[in-house]
Amino acid sequence: MKYVDSGCGKMPLISLIAILSISLTVNLPGLAISPIMGKLDHVFRHVTELEIQLLTVLPNLVTIPFILGSGKICNPRNQIAVLGIGLGLYTLTGVLYFFADSMIELILLSCLLGVGCGLVIPLAASLISQYFVGKARTRQLGMKSGISNFTVIFATMFVGWVAGISWHLSFIVYMVPVIPLCLIPFMTSSYIEKHKVEVTP
């Protein structure tokens, strides 16, 4: 098993990868599908510009209260459960987007997307802060920011490409939470505590 420095010992590399994988999801809502906004004018001919813009605005708006709520309800004993619920909602929304055929359905799913993302965002940073200290924490927080920003850039380019095939395919970017969802077992405190290596001074 490979290990990485946590600033207070060593932890499994797979646990770090699992924790950083959460960063793949934090900036996606709204921004990732912006390239298809113009295309939706042709798909839904009787919707207003405001309704179309809500698809990018609503996820971020709904995210705010759930970010605050997630920060208040999370503690070391339930944070993985909250993370799992958030990623589950996020993934479920990504699946349901494929079956949405009206603007009202897309708007409602955008709200659900914001709920899932709002529960996840605080944990992307708090898990790093929990298991890393000093320079190691600073390094991993920098990695978190880099990953989240790169993901938005890549997702936006990908959406622009697949939109030419089908506008429904554009929402496949909201399936990214499947990655951290599958890696949850490796970021639990029980797994990390069992496999971490203490460094004696």
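A residue is called buried when its relative accessible area is under 20%, exposed when that area is over 50%, and partly exposed in between (1.4 Å probe, protein chains only). By that scale Cys8, with a relative accessible area of 46%, is partly exposed. The model described here is predicted, so local features need pLDDT of at least 70 and side-chain atom pairs count only at pLDDT 80 or more, while totals for chains, interfaces and linings use all residues. Residues are numbered from 1 along each chain as its sequence is written, and side-chain values use heavy atoms, with hydrogens and water left out.

**Cysteines**

- A search of the whole structure finds zero disulfides, a disulfide being a pair of cysteine sulfur atoms within 2.5 Å.
- Cys111 is in no disulfide, and the nearest cysteine sulfur, which belongs to Cys117, is 13 Å away; Cys111 itself is partly exposed at 25% relative accessibility.

- Leu106 touches Phe44, Leu55, Tyr97, Ala100, Trp167 and Phe171, leaving aside residues up to four places away in sequence, where contact means heavy atoms within 4.5 Å.

- Helix H4 (residues 79-96) has 18 residues that, at 1.5 Å a residue, should span 26 Å, and its end C-alpha atoms are 26 Å apart, which agrees; the expected span is 1.5 Å times one less than the number of residues.
- The buried residues of H4 include Ile80, Val82, Leu83, Leu87 and Tyr90.
- Seen down the axis of H4, its buried residues fall within an arc of 165°, so they line one face of the helix; the arc is that of the directions from the helix axis to the C-beta atoms.
- These buried residues of H4 pack against H3, H5 and helix H7 (178-183).
- Ser70 lies in helix H3, counts as buried at 0% relative accessibility, and touches Val82, Gly118, Leu119 and Pro122, leaving aside residues up to four places away in sequence.

**Aromatic pairs**

- The structure holds seven aromatic pairs, meaning rings of Phe, Tyr and Trp (its six-membered ring) whose centres lie within 6.5 Å, with planes under 30 degrees apart counted as stacked, over 60 as edge-to-face and the rest as tilted.
- Phe154 and Phe158 form a stacked pair, at 6.5 Å centre to centre and 15° between the planes; being four residues apart in helix H6 (residues 134-162), they are separated by about one helical turn.
- Phe158 is partly exposed, with a relative accessible area of 26%.
- Phe171 and Tyr174 form a tilted pair, at 6.3 Å centre to centre and 40° between the planes; Phe171 is buried at a relative accessible area of 1%, and Tyr174 is buried at 0%.
- Phe150, Phe154, Phe158 and Trp161 form one aromatic cluster.

Conventions. Helices (H or I, at least four residues) and strands (E, at least two) are DSSP runs, numbered from the N terminus.
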